[in-house]
Amino acid sequence: MKADHYDGFAESYSAENDSSLLNRYYEQPAMVELAGDVKGRRILDAGCGSGPLSAALRAKGAIVTGFDGSPAMVELARQRLGDDADLHVADLGQPLPFDNGAFDDVVASLVLHYLKDWTPPLAELRRVLKPGGRLILSVNHPIIYKILKPNADYFEVAEHAEEFSFNGQDAVLTFWHRPLHAMTDAFTEAGFRISVLAEPPFSPEAPRELLPPNIGDRSRFLSFLFFVLEAS
(Lines give C-alpha, C1' and ligand atoms only; values in the text may rest on other atoms or scores of the structure.)
Protein backbone atom coordinates (compact mmCIF):
# COMPACT_ATOMS: atom_id res chain seq x y z
CA MET A 1 0.00 0.00 0.00
CA LYS A 2 1.51 3.33 -1.08
CA ALA A 3 2.09 6.12 1.41
CA ASP A 4 -0.54 8.31 -0.28
CA HIS A 5 -3.16 5.54 -0.40
CA TYR A 6 -5.40 7.43 2.01
CA ASP A 7 -5.69 10.48 -0.27
CA GLY A 8 -8.79 9.09 -1.99
CA PHE A 9 -10.80 8.75 1.23
CA ALA A 10 -8.97 10.99 3.71
CA GLU A 11 -11.98 13.12 4.69
CA SER A 12 -14.27 10.11 5.19
CA TYR A 13 -11.61 8.27 7.18
CA SER A 14 -10.98 11.29 9.41
CA ALA A 15 -14.68 11.86 10.06
CA GLU A 16 -15.19 8.19 10.92
CA ASN A 17 -12.25 8.11 13.32
CA ASP A 18 -13.36 11.25 15.13
CA SER A 19 -16.45 9.41 16.39
CA SER A 20 -15.74 5.67 16.17
CA LEU A 21 -15.40 3.28 19.08
CA LEU A 22 -12.05 1.85 18.00
CA ASN A 23 -10.34 5.18 17.40
CA ARG A 24 -12.04 7.95 19.36
CA TYR A 25 -12.93 5.90 22.43
CA TYR A 26 -10.24 3.22 22.48
CA GLU A 27 -6.99 3.71 20.59
CA GLN A 28 -6.55 7.47 20.98
CA PRO A 29 -7.23 7.70 24.73
CA ALA A 30 -5.04 4.65 25.31
CA MET A 31 -2.13 6.31 23.51
CA VAL A 32 -2.58 9.53 25.49
CA GLU A 33 -2.71 7.56 28.74
CA LEU A 34 0.49 5.67 27.89
CA ALA A 35 2.25 8.94 27.02
CA GLY A 36 1.55 10.28 30.52
CA ASP A 37 2.84 13.73 31.45
CA VAL A 38 4.09 15.22 28.19
CA LYS A 39 4.26 18.90 29.14
CA GLY A 40 7.25 20.45 27.39
CA ARG A 41 8.27 17.20 25.68
CA ARG A 42 9.20 17.23 22.00
CA ILE A 43 7.03 14.58 20.36
CA LEU A 44 7.03 13.29 16.79
CA ASP A 45 3.66 11.96 15.60
CA ALA A 46 4.70 9.40 12.98
CA GLY A 47 1.84 8.76 10.57
CA CYS A 48 -0.20 11.56 12.11
CA GLY A 49 -3.17 11.23 9.78
CA SER A 50 -5.57 14.14 10.24
CA GLY A 51 -3.97 15.01 13.58
CA PRO A 52 -6.30 13.89 16.41
CA LEU A 53 -3.49 12.43 18.51
CA SER A 54 -1.28 15.46 17.84
CA ALA A 55 -4.12 17.70 19.01
CA ALA A 56 -4.62 15.67 22.21
CA LEU A 57 -0.91 15.69 23.05
CA ARG A 58 -0.54 19.37 22.27
CA ALA A 59 -3.50 20.10 24.58
CA LYS A 60 -1.48 18.44 27.35
CA GLY A 61 1.49 20.73 26.74
CA ALA A 62 3.60 18.72 24.30
CA ILE A 63 5.59 20.34 21.49
CA VAL A 64 4.36 18.25 18.55
CA THR A 65 5.77 17.66 15.08
CA GLY A 66 3.80 15.42 12.73
CA PHE A 67 4.25 13.71 9.39
CA ASP A 68 2.21 11.48 7.15
CA GLY A 69 2.67 9.93 3.73
CA SER A 70 -0.70 11.24 2.56
CA PRO A 71 -0.71 14.91 1.49
CA ALA A 72 -4.49 14.96 1.91
CA MET A 73 -4.17 13.78 5.50
CA VAL A 74 -1.51 16.38 6.25
CA GLU A 75 -3.81 19.08 4.90
CA LEU A 76 -6.62 17.88 7.18
CA ALA A 77 -4.17 17.89 10.09
CA ARG A 78 -3.23 21.47 9.27
CA GLN A 79 -6.89 22.46 9.25
CA ARG A 80 -7.28 20.85 12.69
CA LEU A 81 -4.04 22.13 14.24
CA GLY A 82 -3.61 25.50 12.55
CA ASP A 83 -1.34 26.98 9.91
CA ASP A 84 1.56 27.23 12.36
CA ALA A 85 1.59 23.47 13.04
CA ASP A 86 4.89 21.73 12.30
CA LEU A 87 3.65 19.19 9.73
CA HIS A 88 5.44 17.36 6.93
CA VAL A 89 4.67 14.98 4.09
CA ALA A 90 7.09 12.08 4.55
CA ASP A 91 7.17 8.32 4.08
CA LEU A 92 8.12 6.20 7.08
CA GLY A 93 9.69 3.72 4.68
CA GLN A 94 12.26 6.35 3.68
CA PRO A 95 14.81 8.50 5.59
CA LEU A 96 13.00 11.12 7.66
CA PRO A 97 13.72 14.89 7.45
CA PHE A 98 14.64 15.23 11.14
CA ASP A 99 17.94 15.49 13.02
CA ASN A 100 19.41 12.76 15.18
CA GLY A 101 18.01 12.84 18.70
CA ALA A 102 15.52 15.58 17.86
CA PHE A 103 12.64 14.19 19.92
CA ASP A 104 11.92 13.07 23.46
CA ASP A 105 9.14 10.74 22.29
CA VAL A 106 7.73 9.30 19.10
CA VAL A 107 4.13 8.14 18.82
CA ALA A 108 3.20 5.77 15.99
CA SER A 109 -0.53 5.22 16.06
CA LEU A 110 -1.71 2.22 13.97
CA VAL A 111 1.12 2.67 11.47
CA LEU A 112 3.61 -0.19 11.54
CA HIS A 113 1.12 -2.90 10.59
CA TYR A 114 0.98 -1.40 7.08
CA LEU A 115 4.67 -2.17 6.53
CA LYS A 116 6.23 -5.46 5.45
CA ASP A 117 9.74 -4.60 6.62
CA TRP A 118 10.06 -2.96 10.02
CA THR A 119 13.86 -2.71 10.05
CA PRO A 120 14.41 0.65 8.25
CA PRO A 121 11.40 2.41 9.86
CA LEU A 122 12.37 1.37 13.38
CA ALA A 123 15.97 2.39 12.71
CA GLU A 124 14.79 5.86 11.62
CA LEU A 125 12.52 6.26 14.62
CA ARG A 126 15.36 5.21 16.90
CA ARG A 127 17.69 7.69 15.16
CA VAL A 128 15.43 10.71 15.73
CA LEU A 129 14.91 9.83 19.41
CA LYS A 130 17.26 11.07 22.10
CA PRO A 131 18.89 8.33 24.23
CA GLY A 132 16.30 7.17 26.74
CA GLY A 133 13.48 8.53 24.61
CA ARG A 134 10.27 6.59 24.12
CA LEU A 135 8.52 5.07 21.12
CA ILE A 136 4.83 4.67 21.99
CA LEU A 137 2.94 2.65 19.40
CA SER A 138 -0.18 0.69 18.61
CA VAL A 139 -0.71 -2.07 16.05
CA ASN A 140 -3.37 -4.58 15.17
CA HIS A 141 -3.46 -7.26 17.85
CA PRO A 142 -1.86 -10.32 16.21
CA ILE A 143 -4.47 -12.72 17.58
CA ILE A 144 -7.17 -10.97 15.52
CA TYR A 145 -5.58 -12.30 12.34
CA LYS A 146 -6.01 -15.86 13.56
CA ILE A 147 -9.59 -15.19 14.63
CA LEU A 148 -10.49 -13.73 11.23
CA LYS A 149 -8.53 -16.35 9.30
CA PRO A 150 -8.58 -19.57 11.36
CA ASN A 151 -6.78 -21.58 8.68
CA ALA A 152 -3.88 -19.11 8.42
CA ASP A 153 -0.46 -19.73 9.94
CA TYR A 154 -0.20 -17.36 12.92
CA PHE A 155 3.59 -17.69 12.99
CA GLU A 156 4.16 -16.42 9.43
CA VAL A 157 4.53 -12.76 8.47
CA ALA A 158 1.66 -12.46 5.99
CA GLU A 159 -0.10 -9.84 3.91
CA HIS A 160 -3.87 -9.56 4.05
CA ALA A 161 -6.46 -7.07 2.80
CA GLU A 162 -9.69 -6.01 4.48
CA GLU A 163 -12.65 -3.99 3.21
CA PHE A 164 -13.92 -1.10 5.32
CA SER A 165 -16.59 1.57 5.13
CA PHE A 166 -15.46 4.94 6.44
CA ASN A 167 -18.36 7.30 7.00
CA GLY A 168 -20.15 5.64 4.07
CA GLN A 169 -17.16 5.49 1.71
CA ASP A 170 -15.77 2.04 0.94
CA ALA A 171 -12.03 1.41 0.96
CA VAL A 172 -9.61 -1.52 1.01
CA LEU A 173 -6.66 -1.49 3.41
CA THR A 174 -3.71 -3.87 3.20
CA PHE A 175 -1.98 -5.01 6.40
CA TRP A 176 0.98 -7.16 7.36
CA HIS A 177 0.33 -9.64 10.14
CA ARG A 178 3.23 -10.36 12.51
CA PRO A 179 3.25 -12.84 15.37
CA LEU A 180 4.09 -11.28 18.70
CA HIS A 181 7.61 -12.71 18.82
CA ALA A 182 8.42 -11.14 15.43
CA MET A 183 7.36 -7.75 16.79
CA THR A 184 9.44 -8.01 19.95
CA ASP A 185 12.45 -9.32 18.03
CA ALA A 186 12.26 -6.32 15.68
CA PHE A 187 12.11 -3.89 18.59
CA THR A 188 15.12 -5.44 20.29
CA GLU A 189 17.16 -5.53 17.09
CA ALA A 190 16.42 -1.82 16.53
CA GLY A 191 17.83 -0.89 19.94
CA PHE A 192 14.63 -0.60 21.97
CA ARG A 193 13.73 -2.04 25.34
CA ILE A 194 10.10 -2.95 25.97
CA SER A 195 8.90 -1.18 29.11
CA VAL A 196 5.13 -1.62 28.65
CA LEU A 197 2.96 -4.05 26.71
CA ALA A 198 -0.70 -3.13 27.13
CA GLU A 199 -4.18 -4.38 26.26
CA PRO A 200 -6.06 -1.44 27.80
CA PRO A 201 -9.76 -0.92 28.47
CA PHE A 202 -11.83 1.31 26.27
CA SER A 203 -12.71 4.79 27.51
CA PRO A 204 -15.49 4.96 30.11
CA GLU A 205 -16.85 7.83 28.00
CA ALA A 206 -17.65 5.46 25.12
CA PRO A 207 -21.37 5.63 24.23
CA ARG A 208 -23.08 2.39 25.12
CA GLU A 209 -24.60 2.08 21.64
CA LEU A 210 -21.11 1.86 20.10
CA LEU A 211 -20.04 -1.11 22.23
CA PRO A 212 -20.19 -4.73 21.02
CA PRO A 213 -23.68 -6.12 21.77
CA ASN A 214 -22.46 -9.02 23.91
CA ILE A 215 -19.83 -7.19 25.94
CA GLY A 216 -21.88 -7.15 29.12
CA ASP A 217 -20.00 -5.60 32.05
CA ARG A 218 -16.56 -6.12 30.55
CA SER A 219 -14.36 -3.06 29.99
CA ARG A 220 -12.02 -4.60 27.40
CA PHE A 221 -12.14 -6.25 24.01
CA LEU A 222 -9.54 -7.56 21.59
CA SER A 223 -8.54 -5.08 18.90
CA PHE A 224 -5.12 -3.40 19.17
CA LEU A 225 -1.88 -4.05 21.03
CA PHE A 226 0.11 -1.21 22.60
CA PHE A 227 3.81 -0.86 23.43
CA VAL A 228 6.01 1.66 25.17
CA LEU A 229 9.63 1.17 24.08
CA GLU A 230 12.70 2.91 25.48
CA ALA A 231 15.61 3.84 23.22
CA SER A 232 18.79 2.33 24.62
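This is a predicted model: local features need pLDDT of at least 70, side-chain atom pairs count only at pLDDT 80 or more; totals for chains, interfaces and linings use all residues.
Which residues does Ser14 touch, not counting residues up to four places away in sequence? Residues are numbered from 1 along each chain as its sequence is written, and side-chain values use heavy atoms, with hydrogens and water left out.

**View 1. Ser14 in helix 1 (residues 10–17).** Ser14 touches Ser50, Leu76 and Arg80, leaving out residues up to four places away in sequence. Contact here means heavy atoms within 4.5 Å. Ser14 has a relative accessible area of 8%, so it is buried. Buried means under 20% relative accessible area, exposed over 50%, and partly exposed in between (1.4 Å probe, protein chains only). Helices (H or I, at least four residues) and strands (E, at least two) are DSSP runs, numbered from the N terminus.

**View 2. Helix 3 (residues 52–59) and its cover.** The buried residues of this helix are Pro52, Leu53, Ser54 and Leu57. Their cover includes helix 2 (21–35), strand 1, strand 2 (63–68), helix 4 (71–81) and strand 4. Just after helix 3 comes Gly61, with a positive phi of about 100 degrees.

**View 3. The largest nonpolar core, with 30 residues.** A nonpolar core is a set of buried Ala, Val, Leu, Ile, Met, Phe, Trp, Tyr and Cys residues joined through side-chain atoms within 4.5 Å. Leu112, Trp118, Leu122, Leu135, Leu137, Phe187 and Phe192 touch the most other members. At least two residues come from each of strand 1 (42–46), strand 4 (103–109), helix 5 (119–128), strand 5 (129–140), helix 7 (180–189) and strand 9 (224–231). Beyond four places in sequence, Leu112 touches Leu92, Trp118, Pro121, Leu122, Leu137, Val139 and Phe187. A second, separate core has 25 residues, including Ala35, Ile136, Phe202 and Val228.

**View 4. His141 in the loop between strand 5 and helix 6 (142–148).** His141 counts as buried because its relative accessibility is 10%. Its side chain joins that of Glu199 through a polar contact of 2.7 Å. Such a contact is a pair of N or O atoms within 3.5 Å; within protein, one must be able to donate a hydrogen and the other to accept it, and residues adjacent in sequence count only if both atoms are side-chain atoms. Leaving aside neighbours within four places in sequence, His141 is in contact with Glu199, Leu222, Ser223, Phe224 and Leu225.

**View 5. Leu222 in the loop between strand 8 (192–198) and strand 9.** Leu222 has a relative accessible area of 48%, so it is partly exposed.
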